[in-house]
Amino acid sequence: MRVVPALGHLAVRTITSGVVDRSVQNWIADEHSRSTVKHTIAVRVMEQAVRDGVIKVNPARVSGWQKLYKQAEDELRDPRALALPGGGSWTVRRQTTPAPGGLTDKGTKDKRARKVPIIEEIRPLVAQRILSAGRAPDARLFTGPRGGRVSTV
């Protein structure tokens, strides 16, 4: 059910640890149990290939998969867990929303500032935008193509 869609198109000899890692992460994201993730690839398919002499070493003996599983569980329960440790977030205090006659700035939905995680992949973009926005208190982190508000139309 899981191995064939993820790896069935590959010859056993071409399966690498990286391919296995990506498959394991997808199974975790699909909320399969720990034992299912462990036994699906490491035991059932690749160990048999080693026993049969098709391959010498099992690339599916993924070390640290339990840590990946724990991290995925944490992220599902708390999206803020995606933020990098030590300040990987920014504080949102206002928003721009559509209003009659155009866009308007207003406070956040609950009128309170909130922390939003900054995932690692966009940190360079955010750092660049902060530098280009300058120090003005009303500076926008993200702007539209002509430098103004980002529009939804």
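Student: Which residues are buried in helix 2?
Tutor: This is a predicted model. In helix 2, the buried residues are Val19, Val20, Ser23, Val24, Trp27 and Ile28.

Student: What is the C-alpha separation of Asn26 and Val37?
Tutor: The separation is 9.8 Å, and the two residues sit 11 residues apart along the chain.

Student: What follows helix 2?
Tutor: Glu31 follows, with a positive phi near 65 degrees.

Student: Let's do the core. Which residues touch the most other members of the largest nonpolar core?
Tutor: Leu7, Ile15, Val20, Val24, Trp27, Val37 and Met46 do, out of 13 residues in that core. At least two core residues come from each of helix 1 (3-7), helix 2 and helix 3 (34-51).

Student: Which helix gives the most to this core?
Tutor: Helix 2, with 5 residues. Val20, Val24 and Trp27 are among the buried residues of helix 2, and these three are also among the core members with the most contacts.

Student: Why would such side chains gather?
Tutor: In soluble globular proteins, nonpolar side chains tend to be buried together.

Student: Zoom out. How many helices and strands does the chain have?
Tutor: There are 5 helices and 4 strands. Their order from the N terminus is α-α-α-α-β-β-β-β-α. The chain has 153 residues, and 21% of them count as buried.

Student: Now loops. Where is Asn58?
Tutor: Asn58 sits in the loop between helix 3 and helix 4 (65-77).

Student: Is Asn58 buried or exposed?
Tutor: Buried. The relative accessibility of Asn58 is 8%, and the cut-off for buried is under 20%, so Asn58 qualifies.

Student: What joins the side chains of Asn58 and Glu47?
Tutor: A polar contact of 2.7 Å.

Student: What is the lining like by class?
Tutor: The lining of the largest pocket has 12 nonpolar, 5 polar and 5 charged residues.

Student: Back to Arg94. How far apart are Arg112 and Arg94?
Tutor: Their C-alpha atoms are 8.9 Å apart, across 18 residues of sequence. Arg112 lies in the loop between strand 3 (102-107) and strand 4 (114-117).

Student: Arg112, buried or exposed?
Tutor: Exposed. The relative accessibility of Arg112 is 57%, and exposed means over 50%, so Arg112 passes.

Student: Last one. Where does Val150 lie?
Tutor: Val150 is in the segment after helix 5. With a relative accessible area of 46%, Val150 is partly exposed. Val150 and Thr96 are 54 residues apart in sequence, yet 8.1 Å apart in space, C-alpha to C-alpha.

Definitions and conventions:
Residues numbered from 1 in each chain as written. Predicted model: local features only at pLDDT ≥ 70, side-chain atom pairs only at ≥ 80, totals over all residues. Heavy atoms only, no water. Nonpolar A, V, L, I, M, F, W, Y, C, P; charged D, E, K, R; others polar. Buried < 20%, exposed > 50% of the residue type's maximum accessible area, 1.4 Å probe, protein only. Core = buried A, V, L, I, M, F, W, Y, C linked by side-chain atoms within 4.5 Å. Polar contact = N/O pair within 3.5 Å; in protein donor to acceptor, adjacent residues only side chain to side chain.
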